Amino acid sequence: MLDQPLQPFSPPAALLSYLPSGFTSGVAVSWVLYAVFAFWAIYTAVAVYHWMKYSHASWVAFPAMAAHFFISFALMSYALSGNAFFLTSYLP
Amino acid sequence: MKEFELEPGEHVVLEARKHWFLFLVEILPYAIMGIVPFALPKLLVLAPPMAPYVALFDYHTILGRAGLGIWLLVTWTSAWGAFTRYFLNAWVLTNQRIVDIKQRAYFSRVVSSLFLSRVQDVTTTVTGVLPSLLGIGDIKVQTAAEDIEFVMHGIPRPEQMRDVILKYVSIDPKSTGV
């Protein structure tokens, strides 16, 4: 049994206070985002390679890839700027 | 399909993949992952000791928005990867052979052919209430050599697939070009 109510922790603020001068939280977030986007690009390149090599003749291939790019770019834009294009109305 | 070239006189009769319901089950975890960031703050409010943690889910800050964007991007990309693997796994039936294409992972692909002239037995199995209602089952194709058998799990309407295979098996081997 807990005899005290749980208190919310705040690791991001605590961690960000240790950042070197000139390296703002905004810059840190941007670098994290770019790292994630780089992994996304590698993963997507591998998947697209498989689609193009093995299922290029299927009518599903290009709509599937187009949907992936549209939705991914909208989510990336949301993470960077808050503007998610056609997904804006569904996101906070 | 680039994995195999059709022989002269050979044509594709049908392509089969896992039943769509099994695909939906496969992507269900990603759907739940996509809902979690929106549902969790509402659920935390219902439990008073956890209510202060709702502040961590403020998506109007730069950090919150970036976190949500990354979470949804990873979820969406994973779900799309699951669809890619689902689509790249297939059985192709031609008038001469069955081609089993297994995409176990990216860069791990096995393509095997079984000529219909060697088929001795085709067995279908449908087990359970839901598979019976939705027409989901397994199909096993065996040859005279006991060690060679093709099995595909969770395909739609396995009986129909078996009938089509047997139809082409029963055609005179000379006409199949084998």
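Which side chains meet in a salt bridge at 3.2 Å, N to O? I looked this up to open the notebook: they are Arg17(B) and Glu15(B).

**Ground rules**

I am working with a predicted model, where local features need pLDDT of at least 70, side-chain atom pairs count only at pLDDT 80 or more, and totals for chains, interfaces and linings use all residues. Residues are numbered from 1 along each chain as its sequence is written, chains are lettered from A and ligands numbered from 1 in the order in which they are written, and side-chain values use heavy atoms, with hydrogens and water left out.

**Entry: salt bridges**

I took a salt bridge to be a side-chain nitrogen of Lys or Arg within 4 Å of a carboxyl oxygen of Asp or Glu. Searching the whole structure gave me four of them over all chains. Side chains of opposite charge can pair when their charged atoms come close.

Back to the opening pair. I checked burial next (buried is under 20% relative accessible area, exposed over 50%, partly exposed in between, with a 1.4 Å probe and protein chains only). Arg17(B) is buried at 15%, whereas Glu15(B) is partly exposed at 41%.

Then I turned to Glu10(B) and Arg97(B), whose side chains form a salt bridge at 2.7 Å, N to O. Glu10(B) sits in the segment before β1 (12–16) of chain B and Arg97(B) in strand β3 of chain B, so this pair links distant parts of the chain, 87 residues apart. For the element names, helices (H or I, at least four residues) and strands (E, at least two) are DSSP runs, numbered from the N terminus. Glu10(B) is buried, at 7% relative accessibility, and Arg97(B) is buried with a relative accessible area of 7%.

I also noted Asp100(B) with Lys102(B), a salt bridge of 2.8 Å, N to O. Asp100(B) is buried at 7%, while Lys102(B) is partly exposed at 31%.

**Entry: Gln103(B)**

I stayed in strand β3 (residues 97–105) of chain B, where Gln103(B) lies. Gln103(B) is buried, at 3% relative accessibility.

What does its side chain reach? I found the backbone oxygen of Ala105(B) at 2.8 Å. I also found a polar contact with the side chain of Arg109(B), at 2.2 Å. A polar contact is a pair of N or O atoms within 3.5 Å; within protein, one must be able to donate a hydrogen and the other to accept it, and residues adjacent in sequence count only if both atoms are side-chain atoms.

Not counting residues up to four places away in sequence, Gln103(B) touches His50(A) and Tyr54(A) from chain A, and Leu88(B), Asn89(B), Ser108(B) and Arg109(B) from chain B. Contact here means heavy atoms within 4.5 Å.

**Entry: charges over rings**

Arg109(B) turned up again, lying over the face of Tyr54(A) at 3.7 Å from the ring centre. The test I used asks for NZ of Lys or CZ of Arg within 6 Å of the ring centre and within 35 degrees of the ring normal.

**Entry: aromatic pairs**

My search over all chains found 15 aromatic pairs. Rings of Phe, Tyr and Trp (its six-membered ring) pair if their centres lie within 6.5 Å; planes under 30 degrees apart count as stacked, over 60 as edge-to-face and the rest as tilted.

I picked Trp40(A) and Phe73(A): their centres are 5.6 Å apart and their planes at 55 degrees, so the pair is tilted. Trp40(A) belongs to helix α2 of chain A and Phe73(A) to helix α3 of chain A, so the pair ties together parts 33 residues apart in sequence. Trp40(A) is buried at 10%, but Phe73(A) is partly exposed at 43%.

Phe73(A) also pairs with Phe69(A), with centres 5.9 Å apart and planes at 25 degrees, so that pair is stacked. I noted a cluster as well, in which ring pairs link Trp51(A), Phe23(B), Phe83(B), Tyr86(B) and Phe87(B).

**Entry: nonpolar core**

Last, I looked up the largest nonpolar core, which has 19 residues. Such a core is a set of buried Ala, Val, Leu, Ile, Met, Phe, Trp, Tyr and Cys residues joined through side-chain atoms within 4.5 Å. Among those with the most contacts inside it are Leu33(A), Phe37(A) and Leu73(B).
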